[in-house]
Amino acid sequence: MIIKQISIWLLITITLILIYSFRFDIYLLKDRIISELVPNHPVINKDKSVSFKRSLGGHFYVKARINGSTTKFLIDTGATDISISLNTAKQFGINLKELKFDRTYFTASGTIQVAPIQIQEITIGPIILRNLKASVRKISNSSSLLGMSFLTKLKKYEIKHDTITLWQ
C-alpha cells in the first residue's frame with residue numbers, strides 16, 4: 001500500500017516537473033492548435049516572427065491594429081498598397097471629408113478610385129511597422145488588403161505549406 005502511494009506521488013511530481021519544464025512549448029502548442037481552428041489566429045514563434053495558417057478559401061488573413069482599432073486584412077502580394085474601405089477608414093478615425101480620390105488602380109476586379117493616406121503605425125502580433133503608404137477605396141464594404149507597401153517593410157516573409165510567416 002505504501003509503495004503504491006509513493007509511486008502515485010512520484011508520478012505526480014514527475015508530471016508537474018515535466019509540465020513546468022515544457023510550459024513555453026505547451027503555450028506554443030496551444031497557439032498552434034487554435035491557429036488550425038481559427039486561421040487568422042497568430043502563432044508567435046520563438047524568434048519573434050509570427051505565423052498564420054491558410055484559410056479554407058486559400059487565402060491568408062491577419063488581424064492588424066491601426067490607430068487603436070483592429071480589423072481583418074487579407075495578405076495580397078498582388079496589391080501595391082495597404083488598401084482599406086471607407087467603413088474601415090472611418091473605424092480607424094480617418095477624416096473621410098479630407099480624402100481626395102485622385103488615383104486610379106487597376107485590379108483583378110476592375111478599375112477603382114482610391115485616396116492615398118499614410119498609416120502611422122500598424123501592429124500584427126509582435127510586428128510593429130511605421131509610416132506606411134496606404135489607400136482608401138471608394139467602396140464602403142470590402143476586404144482590407146495588406147499589399148506590398150506592408151510586405152516590403154518586413155525583414156522577410158515566407159509561405160511554406162499552408163503557413164505564412166512574417167519577420168520584422
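Of the contacts in the protein with a separation of 6 or more, 47% are between residues 24 or more positions apart, a contact being heavy atoms within 4.5 Å. The model is predicted, so that local features need pLDDT of at least 70 and side-chain atom pairs count only at pLDDT 80 or more, whereas totals for chains, interfaces and linings use all residues. Residues are numbered from 1 along each chain as its sequence is written, and side-chain values use heavy atoms, with hydrogens and water left out.

The protein has four helices and 11 strands; these are DSSP runs numbered from the N terminus, helices being H or I with at least four residues and strands E with at least two. The C-alpha trace spans about 85 × 30 × 30 Å along its principal axes. The accessible surface comes to about 10,800 Å², of which 59% belongs to carbon and sulfur atoms (Shrake-Rupley method, 1.4 Å probe). Buried residues make up 35% of the 168 residues, where buried means under 20% relative accessible area, exposed over 50%, and partly exposed in between (1.4 Å probe, protein chains only).

Helix 1 covers residues 2–21. Its end C-alpha atoms are 28 Å apart, which agrees with the 28 Å that its 20 residues should span at 1.5 Å a residue; the expected span is 1.5 Å times one less than the number of residues.

I94 lies in the loop between helix 3 (86–91) and strand 6 (103–107). This residue counts as partly exposed because its relative accessibility is 21%. Apart from neighbours within four places in sequence, I94 is in contact with I84, A89, L99 and I117. N67 is 27 residues from I94 in sequence, and the C-alpha atoms of the two are 9.2 Å apart in space.

S149 is placed in helix 4 (residues 148–151). With a relative accessibility of 11%, S149 counts as buried. A polar atom of the S149 side chain lies 2.7 Å from the backbone oxygen of K133. K133 is also among the residues in contact with S149 once neighbours within four places in sequence are set aside, the others being T80, D81, I82 and L132.

How values were computed. A polar contact is a pair of N or O atoms within 3.5 Å; within protein, one must be able to donate a hydrogen and the other to accept it, and residues adjacent in sequence count only if both atoms are side-chain atoms.
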